[in-house]
Structure formats: structure tokens, C-alpha cells
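This report describes one protein chain for a reader who is new to structural work. Please keep the sequence and the model in view while reading.

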Amino acid sequence: MPSESALRDRDSAGFALIETLGFYPGKGFVRLERHLARLRNSAKVLGFSLDENAISNALNAISSENSPLRVRIQAEQDGKFQLTSQSFTPTPPDTVWNIKIAQTRLASNDPLLRHKTTKREAYDQARAEFSTEEAHEVLLLNEDGELCEGTITSLFLDMGDGILKTPPLEAGLLAGVLRGELIETGHAFETELRPDDLASATQIYIGNSLRGLIRARLA
């Protein structure tokens, strides 16, 4: 596995760090501290400068908005950043997404996958394998055929006991903010998962911090 210094050197000027989170009037930013902690950790590991005070000031500037927002922070290696927001419609609780499994594979030995960055070639290739009519989301496997994650979501399986199973980081996937919260609160745990487990599951969920958990079915 590449060292931290190798990660810092690899295409360091070719990608940015990103965080996407929701804002709700009266509630504020969802899981803000977890998002900032992940951003801080990624900046440290990958050798990015990070102006947390400037980011906090930019967030405060939109904290009086009166409608739900999708907020995106994009941080560059030199400390510059962009904060953008747009109107956001929360996902209805009865939503069910159709999912497919991509031929595109992730590399379990690539630790950069654990950080949310603009290097998204594999995810874009996987998404392009199916139309949005065929699948709302696309799952990726690693080179050993283990389930990893969706192109924009983490994967969770309920096998009937109410405790969610989710693939381990070692399989090659993002340290999702919602995923981390569910693990830390005892609602999910890491274990190796394979495509056959999708059929065995009582319920499939996919989700992220912005949209929460979404029920899913293999199309």
C-alpha cells in the first residue's frame, strides 16, 4: 500500500478534496462536524493546506437561508476553496432506488479511495454503464469481486436482524460520513460482502450524508 508521502506526491495538483452536505432551515448543516473532520483528516494525509476559519465563515454566510440546500465544499491543495450551494429536495422516505452492478472495478490497494476527491474516473465509468432509466445507482466491486460502494452512496445490507452490514474500508471505498456515524452508533458494522449477499438480504440500503438511507433493490 502506498505511504502517506507517496499519496501526497501522486497527482497532488490534479485533484481537489470535496465535501457535500445538506442544510435545513431551523436545523442547520447536517453532520457538519463529521464532514469537517473528514476534510481535515484528508488534508493532513494528502498534504493539502486548509483554511478552516475561512470555510466556517463561508458556511455561516449561508446559514440564514430559508430553504433546504445542497452545499459543496471544494478545497484545493494550496488552501483555496470554493463553497457552492443550490436548492435541494429531500428524498421522500418511501423512495426505492433500482441498482445495478458495474463491470468497472475498484482497486482495494488504492488508499485514495478512502478520501472524497474530484478523482472520480472509475465512478464516472461505472455510472456510464447504465442509463438513469435502468438504474438510479450503480454498485462497484473490487478486483476480488467484493462489494464496495455505489458511485455516490455507501452500501448497507439488513440480513434480518436490524443491524446493517457494510463493506470494510480495506475492500477499497470511501469513508462515508453517514457510514461512519452508523458504525460508531452501533447501527452498522463492517464485514466482507459479495453480490450473492444482495439476494440474501432482507433489505438493501444505499445512502450518504446528504440523502440519508434509501431503500434499494437489485434491478
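## Burial and overall form

Of the 219 residues of the protein chain, what percentage count as buried? The share is 45%, where buried means under 20% relative accessible area, exposed means over 50%, and partly exposed lies in between (1.4 Å probe, protein chains only).

The model is predicted: local features need pLDDT of at least 70, side-chain atom pairs count only at pLDDT 80 or more, and totals for chains, interfaces and linings use all residues. Residues are numbered from 1 along each chain as its sequence is written, and side-chain values use heavy atoms, with hydrogens and water left out.

The protein chain has a radius of gyration of 17 Å, which agrees with the value near 17 Å for a compact globule of 219 residues. That radius is taken over C-alpha atoms, and the globule rule is 2.2 Å times the number of residues to the power 0.38. Along its principal axes, the C-alpha trace spans about 45 × 45 × 35 Å. The protein chain exposes about 10,700 Å², of which carbon and sulfur atoms supply 46%; accessible areas come from the Shrake-Rupley method with a 1.4 Å probe, and for residues only the protein chains shown count as cover.

## Confidence and contacts

The mean pLDDT of the protein chain is 94, and 94% of its residues reach 70 or more. Here pLDDT is the predictor's confidence in each residue, from 0 to 100. Over residues 1-6 pLDDT stays under 50, and the model has six contacts beyond four places in sequence for them.

Contact means heavy atoms within 4.5 Å. Among contacts in the protein chain with a separation of 6 or more, 68% are between residues 24 or more positions apart.

The protein chain contains six helices and 12 strands. These are DSSP runs numbered from the N terminus: helices are H or I with at least four residues, and strands are E with at least two.

Helix α2 covers residues 32-46, has 15 residues and reaches 21 Å from its first C-alpha to its last, close to the 21 Å expected at 1.5 Å a residue. The expected span is 1.5 Å times one less than the number of residues. The buried residues in α2 include H35, L36, R38 and L39, together with S42, A43, V45 and L46. An α-helix has 3.6 residues a turn, so residues three or four places apart point the same way.

R31 is found in the loop between β2 (28-29) and α2. Its phi is near 55°, a positive value in a residue other than glycine. Most residues other than glycine have a negative phi. After α2 comes G47, with a positive phi near 75°.

## E19 in strand β1

Where is E19 placed? E19 is in strand β1, residues 17-24. At 2% relative accessibility, E19 counts as buried. Its side chain is joined to that of H35 by a polar contact of 2.7 Å. A polar contact is a pair of N or O atoms within 3.5 Å; within protein, one must be able to donate a hydrogen and the other to accept it, and residues adjacent in sequence count only if both atoms are side-chain atoms.

Not counting residues up to four places away in sequence, E19 touches H35, R38 and L39, as well as V71, R72, I73 and V177.

## From β4 through β5

T95 sits in the loop between β4 (81-87) and β5 (96-106), and D94 lies in the loop between β4 and β5. T95 is buried, because its relative accessible area is 16%, whereas D94 counts as exposed at 56%. The side chain of T95 reaches the backbone oxygen of P92 at 2.8 Å. Leaving aside neighbours within four places in sequence, T95 is in contact with I214 and R215. D94 and D110 are 16 residues apart in sequence and 36 Å apart in space, C-alpha to C-alpha.

T104 is in strand β5 and is buried, with a relative accessible area of 14%. A polar contact of 2.6 Å joins the side chains of T104 and E129. Beyond four places in sequence, the residues that T104 touches include A122, Q125, A126 and E129, as well as L140 and L141.
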